[in-house]
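Hi everyone, thanks for having me. Please have a look at the sequence and the structure on the screen, and then we'll walk through a few parts together.

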Amino acid sequence: MAEINKKRQLDLFKRLVETDSPSYNERQVADLIKAELASMGIACDEDGAAEKLNGTAGNVFARIEGEVDAPALLFSSHMDTVEPSCGKKFVLDENGIIRSDGTTVLGADDFAGVSSILEAVRVIVENKLPHRTIELLFTPAEEVFCGGSEYFDYSRLQAKEAYVFDLDGDIGIACTAAPTIIKYTITFRGKSAHAGFAAHLGVHAIKAASAAVCAIKCGQVDDETTVNVGVISGGKATNIVPDECKITGEVRSFNHEKAGKKAEEIRLIAKAAAEKIGASIEYESSCNTIAYSLPENSPVCTRFASACKEIGVEPKFEKSFGGSDNNVYAYNGLEGIVCSTAMYDCHTTGEWCKAQELHKSARLALQLMLSAE
């Protein structure tokens with residue numbers, strides 16, 4: 001099999017890393033990707049997701065028609081990075097470890113994925129390698145609950161199977177299941193009063209919220225569900241009985257129905273705690289991702305396992321409590337998994353990756369694209 005160009009991939013990764021890329025402001029990254037595709041003679045287009053997101057870039061999509069009689073495959077990565085994401089630096093040490101300068105994230109999440117996919121495609125194009133139809137999708141605003149992929153028109157795809165290059169850990173790891181994530185906000189309404197002269201006339205919203213928080217079981221509540229209360233805020237001054245308090249949290253579960261039931265249970269706990277002292281609540285929730293699960297004997301997984309072995313790595317399938325674009329793809333009828341790109345300590349300024357493993361990620365993408373299975 002033709003080999004990837006390590007220096008070229010590393011140069012592309014560096015250019016991506018050193019491009020500002022906050023969520024909703026991926027314009028420069030989208031332009032860089034489109035220029036890379038154009039230099040290979042590959043036509044691409046960008047949809048109107050930017051307007052719907054109030055952002056600067058839409059989903060970048062390309063199809064490379066193939067001549068091999070095998071199912072079309074979708075390869076996807078996202079274009080945004082978490083904050084701090086501007087002014088990122090590419091620092092490569094003598095051991096092949098790549099980091100930022102410590103003041104920002106590196107952006108390996110997800111430029112390791114972007115560079116791997118683009119390098120694999122370039123090897124195919126320049127060597128005129130026979131391949132199946134390959135579809136590429138680069139999304140904006142993935143880090144904010146998969147904003148860009150929500151707006152893509154999935155009727156455009158020929159592919160029914162997907163490989164999303166967007167997972168931390170060693171090459172060979174793939175995520176076959178991810179949870180429903182429900183975010184909730186509960187506003188407790190009480191009654192203000194002077195805390196010194198007329199405390200008995202007030203209804204203490206913070207006490208109602210506190211009672212609810214104490215009653216909500218947090219952490220791992222069963223083998224497939226977690227619950228958290230992440231933010232609590234309320235009150236105006238030390239001498240005022242607070243008339244408002246808000247708590248915000250989330251529910252995650254590999255079982256979509258169970259996630260909904262747990263969120264409703266939290267609402268009822270909050271309602272009871274408020275009513276006990278004469279307060280009331282306003283409850284809001286949003287389902288940010290919907291759970292999916294793919295069996296390890298599916299074609300997507302067996303093809304991945306074969307590709308891993310071809311490049312000398314051991315395949316390993318796991319579940320993840322994090323969401324990704326693959327949740328959206330699954331909801332829209334695609335069978336897919338999320339593949340590791342050897343990025344570590346993501347979403348921190350200590351994020352890093354190994355150059356050698358980055359090249360393995362590109363080799364894996366290439367092997368999948370060229371597979372006949």
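Let's begin at the start of helix 1, where a side-chain oxygen of Asn-5 comes to within 3.3 Å of the backbone nitrogen of Lys-7. Please keep in mind that this is a predicted model.

Now for the helix itself. Helix 1 covers residues 6-17, and at 1.5 Å a residue its twelve residues should span 16 Å; the C-alpha atoms at its ends are 16 Å apart, which agrees.

Which residues of helix 1 are buried? They are Gln-9, Leu-10, Leu-12, Phe-13, Leu-16 and Val-17. If you look down the axis of helix 1, these buried residues fall within an arc of 160 degrees, so they line one face of the helix. And what covers them? The cover includes helix 2 (27-39), helix 4 (108-126) and helix 9 (355-370), along with strand 4 (91-92), strand 5 (97-99) and strand 17 (352-354).

Let's move on to a sheet. Strands of a sheet pair through backbone hydrogen bonds, either parallel or antiparallel. Here, five strands make an open sheet in the order 10-11-12-9-13, and the pairing is antiparallel. Strand 10 (219-222) and strand 13 (280-289) stand at the edges with a single partner strand each, so one side of each has no neighbour in the sheet. From one strand to the next, the twist averages 25 degrees.

Let's zoom in on one pair. Strand 11, residues 225-234, and strand 12, residues 244-253, pair in the antiparallel sense over nine bridges. You can find Thr-225 standing opposite Ser-253 in strand 12.

Two helices pack on this sheet. Helix 5 (residues 205-215) touches strand 9 (180-189), strand 11 and strand 12, and its direction makes about 20 degrees with that of strand 12. Helix 6 (residues 256-276) touches strand 9, strand 10, strand 11, strand 12 and strand 13, and its direction makes about 10 degrees with that of strand 9.

Last stop: Phe-188, which sits in strand 9. Is Phe-188 buried or exposed? Buried means under 20% relative accessible area, and Phe-188 has 0% relative accessibility, so it counts as buried. Leaving aside residues up to four places away in sequence, Phe-188 touches a list of residues including Ala-205, Ala-208, Ala-209, Ala-212, Cys-245, Ile-247, Ala-270 and Ile-281. Take Ala-209 as an example: Phe-188 and Ala-209 are 21 residues apart in sequence, yet 6.4 Å apart in space, C-alpha to C-alpha.

Conventions. Residues are numbered from 1 along each chain as its sequence is written. This is a predicted model: local features need pLDDT of at least 70, side-chain atom pairs count only at pLDDT 80 or more; totals for chains, interfaces and linings use all residues. Side-chain values use heavy atoms; hydrogens and water are left out. Two strands pair if DSSP finds at least two bridges between them. Helices (H or I, at least four residues) and strands (E, at least two) are DSSP runs, numbered from the N terminus. Axes are lines fitted to C-alpha atoms, for helices over the stretch in contact, and angles run from 0 to 180 degrees between N-to-C directions. Contact means heavy atoms within 4.5 Å. The expected span of a helix is 1.5 Å times one less than its number of residues. Buried means under 20% relative accessible area, exposed over 50%, partly exposed in between (1.4 Å probe, protein chains only). The arc is that of the directions from the helix axis to the C-beta atoms. A polar contact is a pair of N or O atoms within 3.5 Å; within protein, one must be able to donate a hydrogen and the other to accept it, and residues adjacent in sequence count only if both atoms are side-chain atoms.
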